[in-house]
Amino acid sequence: MSRSAHVRPLLGAVGLCLLASWPLIMSSPYDLRLFTLAGVFAILAIGYQFIFGNVGELSLSQGAFFGLSAYVSGILAVKAGADFPQSFAASIIVCVLLAVLVSIPVLRLSTHYFALATLGVGQVLLLVAIEWQSLTGGAIGLSGVPLPKLFGVQVARGWPLLLFVWCFVALAAMVAFQVKRGLYGLACHVVRQNAVAARSLAIDPDSIRFAMFLLSAAMAGVAGALHAHTIRIVSPEGLDFKVMIACLTMAVIGGRTHIWGAIAGALLVVHLPEWLRGFQQSYLIITSSVLIAILIVAPEGLAGLVDRLLPPQRSKSPDSDGLSPIQDRTSDGVLMPSETPILAVRELTKTFGGVHALNNVSFSLMRGSIAAVIGPNGSGKTTLVNCITGNYRADSGAILLGGGEIGALGSDEIAARGVGRTFQNLRLVDDMTVLDNVAVARFRAEAATLGKSFLIGRRDEKLSRARSHALRVLRRVGLEHAADVNCASLAHGTKRLVEIARAICLDPAVLLLDEPAAGLNETEQAELARLLEALAARGLTLLIIEHNMEFLKNLATHMVCLDYGELIASGRPSAIYQDERVIEAYVGRRQAAEATA
Amino acid sequence: MRFARRIMLAATALLSSSALAQETSLTVPIIAPITGLLALEGTSQLNGANMAIAHAPAGLKIKSQVIDSGTAAEGGANALERVAGDKSTYFSVAPLFGTQVLAMLPVALEYKIPILAPTGTGPVTEQGNPYMFRLYPHDAVSKAAHIRYVVEELKLKKAAILYNTTGYGQSGFKYMSEYLTKVGGEVIFSEGVDLSAKEISATLAKLKAAKPDVVLIQMHSASIAMVVKQLAAANIQIPVVGNTTIAMPATASLLQPSELKGVCAESASWLEKGADAATDRFINDYVSKHGAMPDAYAIQQYDGLMMALVAVKGGAKSTEDVRKYMSTTEYKGVAMRYKADAKGNLAHSVVIVCYDGASLNPKLVKRYDNVAGF
């Protein structure tokens with residue numbers, strides 16, 4: 001066992017003890033108030049990790065949901081005399097409903113467009129809060145928000161309120177833990193790192209982003225309501241962009257994906273300015289300097305720094321976890337290629353502006369066959385794969401899988417129906433183990449959902465089964481020994497194999513491989529060829545895009561050649577190699593004439 | 001000789017210890033927004049408080065504790081919680097930011113500690129909290145004088161109102177609109193301007209098209225300076241009567257005298273040398289230390305804090321004693337006489353000052369004492 005394996009649990013225990021003893025040691029009413037507020041902001045930051053950490057979207061509306069919730073709770077309590085449970089529940093519901101409304105247009109966007117759109121939510125709410133004076137009290141806000149009252153008992157300021165708020169912190173941390181630790185959490189991680197890869201594994205990033213956005217909003221709702229009942233006033237300052245900046249700072253300083261990072265970030269961001277207030281006008285500069293210094297030392301946040309210094313134990317492969325890989329139920333017999341097309345492409349056309357990337361391309365693949373798509377650079381090979389897998393929508397034509405049209409489906413749905421793929425430029429998740437990179441392909445098969453992740457007990461059975469399945473696939477491709485290794489540390493050739501294993505783990509009917517031999521030496525190419533032949537022998541249909549003719553020569557049973565988006569030849573490899581148009585496409589008209597002469 | 005020296009030393013020590021025994025020690029928390037968008041006004045407040053401590057009655061040993069409340073709603077309440085438990089704290093200076101004061105009220109009530117805030121924002125003295133003392137005239141008072149001057153002295157009734165979309169701006173706008181309507185006037189144009197706005201030419205074009213005969217303003221320092229500058233740049237020749245922030249030296253210094261020509265403002269207080277020794281001392285020391293005349297926030301904070309210090313000097317030995325003194329005693333400050341009404345409003349005088357276009361120092365044109373709301 002490594003040193004970190006001993007130190008990390010110890011460090012965790014020390015951290016928990018420090019957290020518990022903090023308010024015991026610093027127990028003045030002022031300290032208790034700050035600790036209570038830190039708890040409120042910890043919930044906000046934990047919630048923000050769902051959208052910002054889990055799926056990597058820079059949402060700038062978390063502060064707006066926080067402020068909205070405070071207003072809903074405050075208005076219901078002050079103006080309608082609602083009890084705390086009522087106002088609390090209502091504020092969460094309103095936040096989630098607004099998140100649903102906002103997500104319809106906003107979740108279609110990504111990167112900075114998504115950030116700007118979510119920023120707009122806060123600005124609109126701020127204007128409403130200021131202008132709707134009869135309801136919100138205008139710019140000065142509404143005072144007189146009561147302390148929380150449960151079952152007729154008022155939660156007093158000081159220790160009772162602190163414990164009350166921190167119970168919610170514990171609850172929020174538990175929810176976050178449940179979401180992150182199972183197969184659903186792995187899928188979130190893949191969505192954050194590479195949404196295109198996620199879609200190729202039948203994971204719908206949109207639905208995961210939607211769920212995380214709603215969960216973030218709900219957590220902001222919890223935090224906002226608690227904030228209103230803690231500071232006992234609601235005002236536009238709660239909707240100010242500064243709240244969002246504070247939330248972002250907590251997540252970044254603490255670590256965007258670690259629950260304890262969010263709590264540490266909140267404690268630090270709430271307490272640091274208070275500790276430094278003695279410096280009067282200079283305290284903001286000093287606070288900022290300290291935070292910048294932390295980011296320089298730990299750009300990945302405090303939690304990331306701990307991970308760097310004391311790397312966490314790799315997730316164990318099922319064998320070492322007491323589980324065996326799922327036994328292969330199929331025999332090792334050979335299935336002969338069928339005469340029934342499993343995949344048929346009919347008059348497929350795709351244009352980019354005036355460029356015909358694909359022009360009336362038609363061909364069919366028989367089950368268990370190994371077909372190759374060849375053609376010079378820019379001939380449309382990768383566009384063809386992207387159209388078949390749904391990454392691009394074809395302008396016209398049809399794509400049939402097992403006789404059913406799939407051209408109008410999204411790429412995750414096409415993957416779910418049995419079309420796996422690998423990428424010309426590898427799309428693995430470097431900070432995940434080989435095993436988990438492969439296991440996550442079982443997401444759809446295991447029917448992992450957010451709701452089910454809340455019900456995970458001691459161990460996520462879905463994840464265990466997915467890992468068992470993945471281990472079996474890794475054995476088949478000869479990578480079992482690397483199961484617990486992070487993908488970042490693998491050689492290029494091994495990564496190619498992992499990507500193939502991941503695609504196989506999806507249990508596809510058709511597997512599209514985009515330049516699988518690129519970067520492999522001859523021995524590796526030979527091993528890969530044997531593997532692909534074995535897969536085809538089990539009934540898997542393979543479509544390989546490749547420039548390496550030597551690799552394809554003895555592997556492919558059928559070939560199609562594209563040039564300038566048009567299918568110029570189709571047939572057995574021996575015939576294709578002699579085809580004048582193919583030679584011309586590759587070497588030019590004059591050289592082709594000389595070659596045939 | 002040596003014996004005589006010993007006698008002298010012993011006598012000196014005795015006298016010193018006796019003097020120390022008579023000294024009353026107290027901590028004065030000064031909670032003010034000295035960073036953020038209200039830093040200009042908050043710094044004036046802090047300067048006034050510091051000057052009051054420097055001029056405190058003899059026999060008080062004061063330890064001041066400056067705490068920045070920033071602009072977060074809970075900033076003032078956090079700070080009050082920090083200082084309220086201290087037994088040597090009999091009262092606290094509170095921020096001029098009304099929202100923060102509202103959040104401080106439950107804490108003040110729980111600790112039974114008087115808070116002194118130079119804020120005009122209406123609701124802070126409407127919560128029935130006996131520990132709240134407002135040093136600045138209630139908006140209901142200052143805006144009554146503001147409108148009376150416009151209607152009675154300038155004879156103008158068709159007003160355009162520009163205000164900040166803050167508690168301060170909205171509170172002033174509300175009272176000005178109501179009062180103007182009550183005296184037969186009319187608000188023919190109004191617009192809220194965000195505190196961070198830097199350019200309002202579109203707003204001014206609409207204002208001009210509405211053809212008001214007076215422009216009334218209720219804004220914070222930076223905003224009102226921006227508006228006055230752009231009114232002058234757009235050559236909009238309509239009389240301007242603003243709120244107190246345009247009468248602040250720090251605000252006027254952002255403008256040229258010509259840009260301020262004809263601009264008038266209501267203000268809580270107006271000081272001129274020669275009124276009395278205390279006023280001269282305050283002005284001289286303030287100008288010498290800060291290089292500018294004190295503005296209304298500095299003056300009101302100086303007077304209010306001095307009133308509380310006089311209470312302690314006069315025998316107040318607890319927060320309750322200070323509260324009783326503040327709520328029952330009439331105090332003559334450098335700016336006016338202060339007397340708490342049933343809600344804790346101490347200031348009831350307002351002045352109107354105007355710029356002549358030749359200097360950055362406005363002149364007193366009208367004084368309203370014991371002003372009542374409409």
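**Entry 1: strand β13 of chain B**

I began with the pairing of β13(B) and strand β14 of chain B (residues 363-368), where I found 5 bridges and an antiparallel run. Within this pair, I noted K363(B) of β14(B) opposite C354(B). The model I am reading is a predicted one.

I then turned to strand β10 of chain B, residues 264-267, which is joined to β13(B) by 4 bridges and also runs antiparallel to it. Here V351(B) in β13(B) has S267(B) standing opposite.

Next I asked which way the residues of β13(B) point. I recorded V350(B), I352(B) and C354(B) on one side, with V351(B) and V353(B) pointing the other way. Are these residues buried or exposed? I found all of them buried. Since 5 of the 5 residues of β13(B), which covers 350-354, are buried, I describe the strand as largely enclosed by the rest of the structure.

**Entry 2: a sheet in chain A**

I looked up the strand order of an open sheet in chain A and wrote down β10-β11-β12-β7-β13-β14, 6 strands with mixed pairing. Which strands stand at the edges? They are β10 (419-421) and β14 (566-571) of chain A; each has a single partner strand, so one side of each is left without a neighbour in the sheet. For the twist from one strand to the next, I noted an average of 20 degrees.

**Entry 3: domains of chain A**

I consulted the domain assignment of chain A, which gives domain 1 as 28-241 and domain 3 as 419-507. Domain 2 is listed there in two segments, 340-412 and 536-597. I then checked how far apart the C-alpha centres of domain 2 and domain 3 of chain A lie, and the computed distance is 28 Å.

**Entry 4: chain A as a whole**

How many helices and strands does chain A have? I recorded 25 helices and 14 strands.

Note on methods:
Residues numbered from 1 in each chain as written. Chains lettered and ligands numbered in written order. Predicted model: local features only at pLDDT ≥ 70, side-chain atom pairs only at ≥ 80, totals over all residues. Domains from an automatic or database assignment. Buried ≥ 20, exposed ≤ 12 C-beta atoms within 10 Å, placed from the backbone. Helix = DSSP H or I, 4+ residues; strand = E, 2+ residues; numbered from the N terminus. Pairing = 2+ DSSP bridges. Axes fitted to C-alpha atoms, helices over the stretch in contact; angles between N-to-C directions.
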